[in-house]
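Biologist: Could you take me through this model and show me what stands behind each label you use?
Modeller: Gladly, let us look at it together.

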Amino acid sequence: MKIKRVILLLLFISSILSGSNSYYKDGVLVQLDSVSQNRDINDDIRYFQTENGIKIGTTDEILVKCKVDVDCKKLLNRFNIQSSKNLTTNILIVKVTNSSDVFSISRKLFETGLVEYAHPNFIKKRIMR
């Protein structure tokens, strides 16, 4: 009985730790791997790699699209938000107080069921065509 409890506890802890760099895309949880970065790169940007090997960066911003008839400002008051700016009537760019919280807050916002999407404001490298 104690072994089952220990195993369940370990599974719970590993699921929490593995979800630290994840966000919802189209309702599916997407995991990102951290990428080590050089010191000469902007320290405000944290870099990650997708399953496909694409390198993306995050800052302290989250893009949020609230569902119709949802008071986004009221919803955001529940979270550790530094500021928010409306891009449209129901799409906001939200700045969190700690950039390391960008994934956890975006997941929690999506999990409320009150938003269509909430994900870090990703920075992608431009490619010349």
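**Labels and their cut-offs**

Modeller: The secondary structure of the protein chain comes to 3 helices and 10 strands, where helices (H or I, at least four residues) and strands (E, at least two) are DSSP runs numbered from the N terminus. Along the sequence they follow the pattern α-β-β-β-β-β-β-α-β-β-α-β-β. This is a predicted model, in which local features need pLDDT of at least 70 and side-chain atom pairs count only at pLDDT 80 or more, while totals for chains, interfaces and linings use all residues. Residues are numbered from 1 along each chain as its sequence is written, and side-chain values use heavy atoms, with hydrogens and water left out.

Biologist: Thanks! What makes the pair of Tyr24 and Phe110 stacked?
Modeller: A search of the whole structure finds 3 aromatic pairs. In the pair of Tyr24 and Phe110, the ring centres are 4.5 Å apart and the planes stand at 25 degrees. Rings of Phe, Tyr and Trp (its six-membered ring) pair if their centres lie within 6.5 Å; planes under 30 degrees apart count as stacked, over 60 as edge-to-face and the rest as tilted. Both values meet the cut-offs, so this pair is stacked.

Biologist: Which parts does the pair tie together?
Modeller: Tyr24 lies in strand S1 (residues 22-25) and Phe110 in helix H3 (residues 102-111), so parts 86 residues apart in sequence are tied together.

Biologist: Why is Tyr24 called buried?
Modeller: Its relative accessible area is 17%, and buried means under 20%, exposed over 50% and partly exposed in between (1.4 Å probe, protein chains only). Asn21, in the loop between helix H1 (2-18) and S1, is buried too, at 12%. Buried residues make up 31% of the 129 residues in the protein chain.

Biologist: How do you know that Asn21 and Ser34 make a polar contact?
Modeller: Their side chains are joined at 3.1 Å. A polar contact is a pair of N or O atoms within 3.5 Å; within protein, one must be able to donate a hydrogen and the other to accept it, and residues adjacent in sequence count only if both atoms are side-chain atoms. Leaving aside neighbours within four places in sequence, Asn21 is in contact (heavy atoms within 4.5 Å) with residues including Leu32, Arg46 and Phe103.

Biologist: What puts the charged end of Lys55 over the ring of Tyr47?
Modeller: It sits 4.8 Å from the ring centre. The rule asks for NZ of Lys or CZ of Arg within 6 Å of the ring centre and within 35 degrees of the ring normal.

Biologist: How do you know that S1 and strand S2 (residues 28-31) pair?
Modeller: They share 4 bridges in the antiparallel sense, and two strands pair if DSSP finds at least two bridges between them. Tyr24 has Leu29 as its bridge partner in S2. In this hairpin, with 2 residues between the strands, Asp26 takes a positive phi near 55 degrees.

Biologist: What makes strand S7 (81-86) and strand S9 (115-120) edge strands?
Modeller: The open sheet has 4 strands in the order S7-S8-S6-S9, with antiparallel pairing. S7 and S9 each pair on one side only. Inside the sheet, strand S6 (residues 61-66) and strand S8 (residues 91-96) pair over 5 bridges, and Val94 in S8 is the bridge partner of Ile62. H3 packs on the sheet, touching S6, S7, S8 and S9.

Notes:
Axes fitted to C-alpha atoms, helices over the stretch in contact; angles between N-to-C directions.
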